[in-house]
Amino acid sequence: MSAPACLYCVGTEFDPLHEGVRDRLGHVPGKRRFLRCRACGAGLLDPLPAEAELPGFYPPVYSFTTEHAGGLKSLLAKIEHRVFFGPQYREQVRRVLDACGRSPRGRRLLDVGCGKGMRLTELKRAGFRVTGLDFQPEAVRYVHETLHVEAEIGGTDDLPKLFPPESFDVVTAFYLLEHVRDVRRVLADCFAALKPGGWFLGAVPLADSIQAKLFGKRWIHVTEAPRHLSLPTRKGLRIAAEAAGYEAIHFRPDAMLNAAGPAASSIVSGATLTHVYGGGKWLAIAKRLLGGALTFAALPLCHLEHAACDRMSHGILCARKPGGDHAAA
Ligand SMILES: [Zn+2]
């Protein structure tokens, strides 16, 4: 087996980071470990699973939707959308608009890893002409048939096949890069899909944050392995984005609720979407409610790590493709 290389800076020297990590969803048996890149600090799952194994790591219920069979869970999903997911998506759309710095009206946006399209709907409402891409066929069908949003079935390696070069003004990828084996290739393919002057916006959990340090091996982004293959840092992402050719690289904090939710979930295990909406019983629902309350309690911590300490736990990599008329915008 070849020696591991960092998915961000291609460094080949590592220290142990986390040992004996179990899947928080209980979907993939066994224990695994993360290494830490000496050069950029990013975490790397070791050994890295083969590409063909990855789809099997995802349970049927994985991303949020308000469509449930009915009854209590349907009501719970509606409440979650009202108090947590809806505000979070709208805040993320504002961050996208701020980063792009111009009117979205008529501009083409691709969301890679769109899941069931809840965020995509908000981006469309803001004025973008949106397209989604996801590897889960049932998610894409839902986006296409129920939300009436253009979407394609495909993995990140299908990007060049599905979309001609310079197709989009904006490419977004919310919590995607930590799931892929070849981060640098994905950044390069998104670069190719962007028009000159277009923006790539990638939201990621950050391993160089206070939250990551505080929770250690219990951090939800660690126990999300083996679906999470890496734990990026700002330094590693910057190196990877520069290598792909981007300019104006900077980071913005993600929506505060999206930083607080993972903190709460790191404390209350078993309160996941998969547990609750994938056949969970009363205990899972009770834990979900406790997790919801803790989310709001964790908001001050998230504000502190973002604003006072500059150690954001959930950030958006903002990187522009050179060229275009952005200078005049
Ligand atoms: Zn590295």
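Predicted model: local features only at pLDDT ≥ 70, side-chain atom pairs only at ≥ 80, totals over all residues.
1. Phe84, Phe85 and Tyr89 form one aromatic cluster. Rings of Phe, Tyr and Trp (its six-membered ring) are taken to pair if their centres lie within 6.5 Å; planes under 30 degrees apart count as stacked, over 60 as edge-to-face and the rest as tilted. A search of the whole structure finds six aromatic pairs.

2. Residues are numbered from 1 along each chain as its sequence is written, and side-chain values use heavy atoms, with hydrogens and water left out.

3. One of the aromatic pairs joins Tyr58 and Phe135: the ring centres are 5.2 Å apart and the planes stand at 70°, so the pair is edge-to-face. Tyr58 belongs to the loop between E3 and helix H1 (71-100), and Phe135 to the loop between strand E5 (129-134) and helix H3 (137-146); the pair therefore ties together parts that are 77 residues apart in sequence. Helices (H or I, at least four residues) and strands (E, at least two) are DSSP runs, numbered from the N terminus. Tyr58 counts as buried at 13% relative accessibility, while Phe135, with a relative accessible area of 34%, is partly exposed. Here buried means under 20% relative accessible area, exposed over 50%, and partly exposed in between (1.4 Å probe, protein chains only).

4. Phe163 and Phe168 also form an edge-to-face aromatic pair, with 5.3 Å centre to centre and 75° between the planes. Phe163 is buried at 7% relative accessibility, and Phe168 is buried at 0%.

5. Which residues does Gln88 touch, leaving aside its neighbours within four places in sequence? They are Arg119, Ala255, Leu257 and Asn258, contact being defined as heavy atoms within 4.5 Å. Gln88 lies in helix H1 and counts as buried, at 3% relative accessibility.

6. Arg119 is also among the buried residues of helix H2 (residues 118-125), together with Met118, Leu120, Glu122 and Leu123. The buried residues of H2 pack against H1, strand E4 (108-112), E5, H3 and strand E7 (168-174). H2 is followed by Gly127, which has a positive phi, near 125°.

7. The zinc ion is coordinated by the SG atoms of Cys6, Cys9, Cys37 and Cys40, at 2.3 Å. Donors are N, O and S atoms within 2.8 Å of the metal (3.2 Å for Na, K and Ca); water is not among the atoms, so sites may look incomplete. The angles among the four donor atoms run from 97 to 117°, and the site is tetrahedral, a term that requires all angles of four donors to lie between 85 and 135 degrees. In sequence the donor residues follow the spacing C-x2-C-x27-C-x2-C. Both Cys37 and Cys40 are buried.

8. An open sheet is formed by four strands in the order E1-E2-E3-E9, with antiparallel pairing. Strand E1 (14-21) and strand E9 (230-231) are its edge strands, each pairing on one side only. Two strands are said to pair if DSSP finds at least two bridges between them. E1 and E2 are joined in the antiparallel sense over five bridges, and strand E2 (residues 32-37) is linked to strand E3 (residues 43-46) by four.

9. Where does Phe34 find its bridge partner in E3? The partner is Leu45; His18 also stands opposite Phe34 in E2. Leu35 stands opposite Leu44 in E3. E2 and E3 form a hairpin with five residues between them, and Gly41 in the turn takes a positive phi of about 85°.

10. In helix H8 (residues 234-244), the buried residues include Arg234, Gly236, Leu237, Ala240, Ala241 and Ala244. Seen down the axis of H8, the buried residues fall within an arc of 160°, so they line one face of the helix; the arc is that of the directions from the helix axis to the C-beta atoms. Lys235 and Ala243, on the other side of H8, are exposed. The buried residues of H8 pack against helix H5 (183-193), strand E8 (194-205), strand E10 (247-253) and strand E11 (314-320). Just after H8, Gly245 has a positive phi of about 110°.

Methods. Tetrahedral: all angles 85-135°; square planar, octahedral: opposite > 155°, others 65-115°.
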